[in-house]
Amino acid sequence: MTLLKSTLSILAGATLLLSTQLMAAPIELKFSHVVAENTPKGQMAIKFRDLVNERLAGKVKVEVFPNSQLFGDNKVLEAMLLGDVQMAAPSLSKFERYTSKLQIFDLPFLFKDMAAVERFQNGPDGQKLLSSLKPKGLIGLGYLHNGLKQLSADKVLKVPEDAHGLKFRIMSSDVLQAQFEQVDAVPIKKPFSEVFTLLQTRAIDGQENTWSNIYSKKFFEVQPYITESNHGVLDYLVVTSTEFWTALPDDIRTELKKSLDEAIAYGNQIAAQKAETDKQAIIDSGRSEVVELTDAERQQWVEAMKPVWNKFAKDIGQDLIDSAVQSNQ
């Protein structure tokens with residue numbers, strides 16, 4: 001009996017020790033994204049990691065996985081709902097399966113500049129959109145800028161007719177598909193990680209992206225022409241799962257949100273800077289010609305693509321579109 005009691009006592013002590021160790025183990029937060037570390041998103045994620053690992057040392061450990069190391073944007077939300085990743089920042093286009101409301105950000109020529117985008121996102125309607133994913137088990141935590149999109153191709157694009165018959169890579173977005181179909185182009189939905197190879201092998205003729213993505217992913221090296229169209233916005237939604245977020249202790253959740261807000265503000269500053277510096281770096285490289293549109297030429301693109309608004313007004317909500325238009329004033 002003495003031996004049995006001793007054994008049980010040892011086992012109980014070991015169990016208690018293991019339990020204590022498990023309770024003391026830091027919460028693991030895997031942040032997955034698809035772009036390079038030198039992009040606004042990449043820098044934002046690193047800033048968030050560093051802030052959290054400093055402020056919540058021993059309580060939360062953030063690991064960042066860039067360049068689709070863990071998941072591509074098409075799989076990351078499914079992985080998040082399964083608990084395989086805790087945070088991501090997919091482009092707003094990637095949430096089409098979860099809510100039709102966020103399609104508003106894909107509408108061509110809706111916002112005149114990034115200041116208008118920010119006014120809308122920070123306003124009541126933009127903030128309300130952050131919770132539009134809750135019925136699907138996701139929570140939007142904040143908007144991250146990348147910038148306005150440009151059109152690149154293996155030929156000069158000055159007017160909509162120049163895009164006729166060309167194959168453009170797009171994200172998985174019905175709005176973007178309709179956008180290119182409006183100018184009689186051929187939209188092809190492919191992962192971001194495949195774009196360079198598709199361009200290099202001439203499997204596609206062009207793509208749309210921001211200056212920072214075109215530069216960091218070296219698309220300018222395999223695209224001889226980039227038209228400065230500023231036809232749409234490419235922003236991201238920093239997102240987590242409802243299950244993960246609500247299970248966090250209040251003090252930790254508050255500190256995580258504070259750190260994330262600071263990191264997003266930092267990333268948005270970089271986005272604004274890189275829109276200028278990366279565009280200039282592309283020009284200086286001599287590898288790709290930046291094509292500027294006249295007001296008349298740009299207006300032709302606007303008139304060609306704007307009918308997309310009406311096609312998706314019912315799904316998005318005309319009141320939401322009207323609110324976005326008001327942000328331009």
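This is a predicted model: local features need pLDDT of at least 70, side-chain atom pairs count only at pLDDT 80 or more; totals for chains, interfaces and linings use all residues.
Q: Where is Thr 210 found?
A: Thr 210 sits in the loop between strand 8 (206-209) and helix 8 (211-216).

Q: OK, back to Thr 210: buried or exposed?
A: Thr 210 is buried, because its relative accessible area is 1%. Buried means under 20% relative accessible area, exposed means over 50%, and partly exposed is in between (1.4 Å probe, protein chains only).

Q: Which residues is Thr 210 in contact with?
A: Leaving aside neighbours within four places in sequence, Thr 210 is in contact with Asn 146, Gly 147, Leu 148, Lys 149 and Leu 234. Contact means heavy atoms within 4.5 Å.

Q: Let's switch to Ser 288. Where does Ser 288 lie?
A: In the loop between helix 10 (250-285) and strand 11 (289-292). Ser 288 counts as buried because its relative accessibility is 5%.

Q: What does the side chain of Ser 288 reach?
A: The backbone oxygen of Gln 223, at 2.7 Å. A polar atom of the Ser 288 side chain also lies 3.4 Å from the backbone oxygen of Pro 224. A polar contact is a pair of N or O atoms within 3.5 Å; within protein, one must be able to donate a hydrogen and the other to accept it, and residues adjacent in sequence count only if both atoms are side-chain atoms.

Q: What else does Ser 288 touch?
A: Not counting residues up to four places away in sequence, Ser 288 touches several residues, including Phe 220, Tyr 225, Ile 226 and Ile 282.

Q: How about Thr 99: buried or exposed?
A: Thr 99 is buried, because its relative accessible area is 10%. Thr 99 lies in the loop between strand 3 (87-88) and helix 4 (114-122). The side chain of Thr 99 reaches the backbone nitrogen of Lys 101 at 3.2 Å.

Q: Which residues have the most contacts inside the largest nonpolar core?
A: Phe 48, Leu 256 and Trp 301, in a core of 59 residues. A nonpolar core is a set of buried Ala, Val, Leu, Ile, Met, Phe, Trp, Tyr and Cys residues joined through side-chain atoms within 4.5 Å. Helix 10 gives the largest share of this core, six residues. There is also a second, separate core of 37 residues, which includes Ile 104, Leu 237, Val 308 and Ala 324.

Q: What does Trp 301 touch?
A: Quite a list, not counting residues up to four places away in sequence: among them are Phe 109, Leu 151, Pro 160, Val 183 and Leu 293.

Q: Which residues in helix 11 are buried?
A: In helix 11 (residues 295-305), Glu 297, Trp 301, Val 302, Ala 304 and Met 305 are buried. Those buried residues pack against strand 5 (150-153), helix 6 (174-181), strand 11 and helix 12 (307-316).

Q: Back to Phe 109. What's up with its phi?
A: Phe 109 has a positive phi of about 60° although it is not a glycine. Most residues other than glycine have a negative phi. Phe 109 lies in the loop between strand 3 and helix 4, and it is buried because its relative accessible area is 12%.

Q: And what phi does Asn 67 have?
A: A positive one of about 55°, and Asn 67 is not a glycine either. Asn 67 counts as partly exposed because its relative accessibility is 35%.

Q: Now Glu 243: buried or exposed?
A: Glu 243 counts as exposed because its relative accessibility is 62%. Glu 243 is found in helix 9 (residues 242-247).

Q: Last topic, the chain itself. How many helices and strands?
A: The chain has 13 helices and eleven strands. Buried residues make up 52% of its 329 residues, and the C-alpha trace spans about 95 × 45 × 30 Å along its principal axes.

Conventions. Residues are numbered from 1 along each chain as its sequence is written. Side-chain values use heavy atoms; hydrogens and water are left out. Helices (H or I, at least four residues) and strands (E, at least two) are DSSP runs, numbered from the N terminus.
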